[in-house]
2 protein chains.
Amino acid sequence: MTLDPAAAAAVGRVRVVGTGLLGTSIGLGLRSMGVTVLLHDPSPTSLALSRDVGAGQPAVNAEVDGPVDLVIVCAPPDVTAEVVIAELVAYEGATVTDVASVKAGIADQVAQAADALGIDASRYVGGHPMAGRERSGPVAARADLFLGRPWVVCPGESMRPGRAETVRRLAAALGATPVLMSAREHDEAVALVSHVPQLAASLVAARLLKAPDPAVALAGPGLRDVTRIANSDAMLWAQILSANAAPVLTVLRELKADLEGVLTALDALGEASPEHLGARAALARVVAEGQAGRERIPGKHGSPHTSYATLIVLLPDRPGQLGRLFNDIGEAGINVEEFSLEHSPGQPVGLAEISVLPAVRDSLESALIAREWHVVG
Amino acid sequence: MTLDPAAAAAVGRVRVVGTGLLGTSIGLGLRSMGVTVLLHDPSPTSLALSRDVGAGQPAVNAEVDGPVDLVIVCAPPDVTAEVVIAELVAYEGATVTDVASVKAGIADQVAQAADALGIDASRYVGGHPMAGRERSGPVAARADLFLGRPWVVCPGESMRPGRAETVRRLAAALGATPVLMSAREHDEAVALVSHVPQLAASLVAARLLKAPDPAVALAGPGLRDVTRIANSDAMLWAQILSANAAPVLTVLRELKADLEGVLTALDALGEASPEHLGARAALARVVAEGQAGRERIPGKHGSPHTSYATLIVLLPDRPGQLGRLFNDIGEAGINVEEFSLEHSPGQPVGLAEISVLPAVRDSLESALIAREWHVVG
């Protein structure tokens, strides 16, 4: 969870191509640990900003800059492959990696171009740091953007192990958790855990567009959770989904088949027929499968999902109430595993949901009641 | 946001039929304000438990119990209508309400039966307190279960205003926010803000059932949000969805049409054709519509959605850290609007996301940095 200077030192001299949010954040992190970072960007403004915030020094040319051990391509997804190829050509000895969020298409393009150009494609190792911010550009960059986040490393089939190790070290240096998997595995995984959930959130949220105000006013914490990630950049997501079309299609077709099962069941319920019982069972099965799938999501610290016990506490809407609450929890010596704040329509009150290990739930409840908190659930 | 004894006094003498979580919680709340509550349940065990926790006194018969002003039917959804009818017959002067989460079907059944029996159906006012807990039964009941929650009141067409007013007072007495709408409006609204989001969460989560472990391990806060409500009771949801089949079908068919648009666009992207540009635009449109829909969800206090500014703070995973954080926020005099805790796979660290009014974001950031917090976003 912290930056790792030993891993950083082992990465060697670094060239960052593309000085947006990710490139500049990488530069900031590495610079803070004394790594030499040479920056390049087609936009002089972006390059100057990145230098000014301290992400490294602008690259001049191979001769002046000296040798480079690792090139990190942080270009937009749709130009990443061609930039990777250019860097493989320009920096003969270097390992080249990238940060694009879809990996197989880039690996294929790089392999084909390398064949055509007669260069060694095994120096390319795909990467995907699963971190980001709502704001973009070098000014939004943070040395610690990657702390605690997974950083997928995708070694190619013909890869020599040392190349992947360099990228793994980069991830570790920046405090991320390196995760090795093939480009196909990665793309299928992000279709499942990121791209399809994004689409589902968007499709549910889109239903609200033409809904009457009083209906939308009944929205509760459930709808808010389901649609939170719908608040996303449309153009960026069009690029991501386009680049990962096949794996997303696979998952989405399965989802559609289940959805059609639900529609059939609901249709049957409209008719007075003996189908009713089967239709209800079909609906129950969809919800039960969702529950079982949900159970697979890892909990805190990447450990297998733990069922926490929850407490709901009523919170007056004044500054300092959360501080008082957490102070009281801290004094009880109890660690909060998950926490969320719900809001109450039309009422100046919040409902704080506190998740703790089941073994300590009751003692937390007693401690909070003793401190005059309103435990409502 | 508090119990309202004046409103409670105006409700009069109450009979609660069905002493599960909701019935017992209503009894507890009303009893705490001195209202007479007569309890009835076909299960002697449930009735005794409800009495023992203090929700009221078991009903004997109309003669012994004396007159009743309001009957609250808290039976399971599929028997609610028949219980309502029986109570209308048994308590001639009383207003009768219920708490079932789908309303039009019950209203129709009550109206038909009342016609057949020659009784006055206008004494029935549908209700839906939008509150609940993961646990059920009288022992899980809370006097303050309804604080700050919407309580939908559905007056029938032939209703005399006083009847709805009694139910509105009941909601207000228990600290809920009464919301008046017709049964059809209610059912369409909950299809949109509750039932379809539930199905979408279940359908996304069900995809994880057969996914490889390394893919599931990449799950981040986005997937966790989208699927949170998938952790639900399958049999209960089969009942709810069955009872609201037509409105759910309407919303779900629109969602399916949009989903088919996405599938068509993704399919087109698999082919090297000039369709590409249109396909990308179609994907971008779906995400943009979702974003616009999401913007309509009310924020805190039922006011129109406010865009909050967020700060992300790194949190060492030790007891007392949240207390220290909120103390420092409180000392800075800043009110937290929304708060959530994210977890980092494989790392003993949490990322706390703090939402505040945009005007105070920068001063909060300065205050936290001055107190040596690691602000990472």
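How many residues apart do Lys256(A) and Glu260(A) lie in helix H12 of chain A? They are 4 residues apart, about one turn of the helix.

Before going on, a word on how to read the model. It is a predicted one, in which local features need pLDDT of at least 70 and side-chain atom pairs count only at pLDDT 80 or more, while totals for chains, interfaces and linings use all residues. Residues are numbered from 1 along each chain as its sequence is written, chains are lettered from A and ligands numbered from 1 in the order in which they are written, and side-chain values use heavy atoms, with hydrogens and water left out.

**Chain A as a whole**

Of the 377 residues in chain A, 56% count as buried. Here buried means under 20% relative accessible area, exposed means over 50%, and partly exposed lies in between (1.4 Å probe, protein chains only). Taking contact as heavy atoms within 4.5 Å, residues 24 or more positions apart account for 70% of the contacts in chain A that have a separation of 6 or more.

In strand S9 (residues 309–316) of chain A, 6 of the 8 residues are buried. S9(A) pairs with strand S12 (residues 374–375) of chain A in the antiparallel sense over 2 bridges, where pairing requires at least two DSSP bridges. Val313(A) stands opposite Val375(A) in S12(A). Helix H5 (residues 80–90) of chain A also has buried residues, among them Val83(A), Ile85(A) and Leu88(A). Their cover includes strand S1 (14–17) and helix H6 (104–117) of chain A.

**Salt bridges**

The structure holds 39 salt bridges over all chains. A salt bridge is a side-chain nitrogen of Lys or Arg within 4 Å of a carboxyl oxygen of Asp or Glu. Here are some of them:

| Pair | N to O distance |
|---|---|
| Lys256(A) and Glu260(A) | 3.6 Å |
| Arg361(A) and Glu365(A) | 2.6 Å |
| Arg296(B) and Asp213(A) | 2.5 Å |
| Glu254(A) and Arg207(B) | 3.5 Å |

Arg361(A) is buried at 9% relative accessible area, and Glu365(A) is buried at 15%.

**Where the chains meet**

The size of an interface is often given as the accessible area lost when the parts come together. Between chain A and chain B about 12100 Å² is buried, with carbon and sulfur atoms giving 65%; this area is found with a 1.4 Å probe and summed over both parts. Arg207(A), Leu218(A) and Arg296(A) supply 7% of the area that chain A buries against chain B, more than any other three residues. In all, 133 residues of chain A are in contact with 133 residues of chain B, and 15 salt bridges are found across the interface. Helix H12 (residues 245–269) of chain A gives the largest share of the side of chain A that touches chain B, with 17 residues.

Note on methods. Buried area = accessible area lost by both parts, 1.4 Å probe.
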